[in-house]
Amino acid sequence: MNNRILPFDGVRNFRDFGGYASRHGGNVKRGLLFRSGHYAEATEADLEKIADLGIHLQADLRRPDEREKQPGIWSAPNTLTHDGGRETDAPHTRFLTQLEVDADSADGWMNDYYRLAPYKPHHTELFSDWFRHLAGLEGDAAGVVNCAAGKDRTGILCALTHHVLGVGEEDIRSDYNLTNEAVNVSLFLPDAAKYFNDMLGKHHDVEVYRPFLGVRLRYLETAVATITANSGSLDAYLSDTLFVDDAMQTAIRDRLIDPA
């Protein structure tokens with residue numbers, strides 16, 4: 001799993017999420033599907049490395065206020081964005097300003113976010129656009145999914161992409177969970193907690209911040225359970241909510257699965 005993580009100086013959580021076995025036969029191709037955090041701090045060396053990857057399609061899942069506060073130094077030739085979901089302050093920041101916050105309430109807040117995220121209109125429209133444009137890519141053109149940290153919104157869309165490609169549940173979970181290693185949560189948690197406490201004028205316990213730096217499998221399970229409860233299945237959600245039809249899915253599989 002480690003060789004999926006591509007080291008960059010100013011881009012966090014950059015990974016290749018291809019290479020897994022598909023139930024449709026063969027393996028998802030490497031070097032054509034990437035995921036990451038934002039590109040506001042990309043260095044010149046990072047830009048050179050990104051240029052070599054041949055990325056033509058980018059789904060930037062960030063809200064418009066996030067993009068304005070941290071404009072990307074790099075973007076793909078075809079970058080998908082949405083102007084919906086604008087916030088004055090990041091929702092998790094508003095949560096952290098409350099008087100009574102502990103590790104359990106932080107965990108619950110993040111889990112609730114995953115319950116809401118799959119049906120937010122600006123998410124469903126961006127998710128739909130991603131699949132539509134992914135189906136239209138040709139040759140060795142690569143695509144990347146990113147948000148602010150590349151773990152929650154990105155995690156959901158990458159899991160859905162894996163589902164379309166026939167990746168097994170265990171591999172989907174492993175790829176999602178790889179965020180914790182890619183961002184080295186345990187190492188950076190103390191410094192991150194101090195930074196946010198100083199910024200917010202709070203004294204929250206270090207563990208309050210863990211859900212906002214890393215991921216927990218329960219969150220992805222909550223998103224899947226919500227989709228299943230509301231749409232009937234992941235396949236029904238893809239077809240009825242995201243309008244990813246059979247022809248689109250077939251085109252994606254034909255290009256991204258290596259049958260050998």
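1. Strand S6 (residues 142-146) is mostly covered, with five of its five residues buried. Buried means under 20% relative accessible area with a 1.4 Å probe, protein chains only. Strands (E, at least two residues) and helices (H or I, at least four) are DSSP runs numbered from the N terminus.

2. The model is predicted: local features need pLDDT of at least 70, side-chain atom pairs count only at pLDDT 80 or more, and totals for chains, interfaces and linings use all residues. Residues are numbered from 1 along each chain as its sequence is written, and side-chain values use heavy atoms, without hydrogens and water.

3. In a regular strand, side chains alternate between the two sheet faces. Both faces of S6 are covered. Ala-142, Val-144 and Asn-146 are buried on one side, Gly-143 and Val-145 on the other.

4. S6 pairs in the parallel sense with strand S3 (residues 33-36) over four bridges. It also pairs in the parallel sense with strand S4 (residues 55-60), over five bridges. Pairing requires at least two DSSP bridges between the strands. Gly-143 stands opposite Leu-33 and is the bridge partner of Leu-57.

5. The second largest pocket has a volume of about 290 Å³. Of its 17 lining residues, the closest to the centre are Glu-169, Ile-172, Leu-220, Val-224 and Leu-234. A pocket is an open set of points on a 1 Å grid where a 1.4 Å probe fits, with protein on both sides within 12 Å along at least five of seven lines; lining residues have an atom within 4 Å of a point.

6. H11 (217-231) gives two or more residues to this lining, as do H6 (153-164) and H7 (169-177). H11 gives the most, six.

Technical notes: Buried < 20%, exposed > 50% of the residue type's maximum accessible area, 1.4 Å probe, protein only. Points joined across faces, edges and corners; volume = space filled by probe spheres on them.
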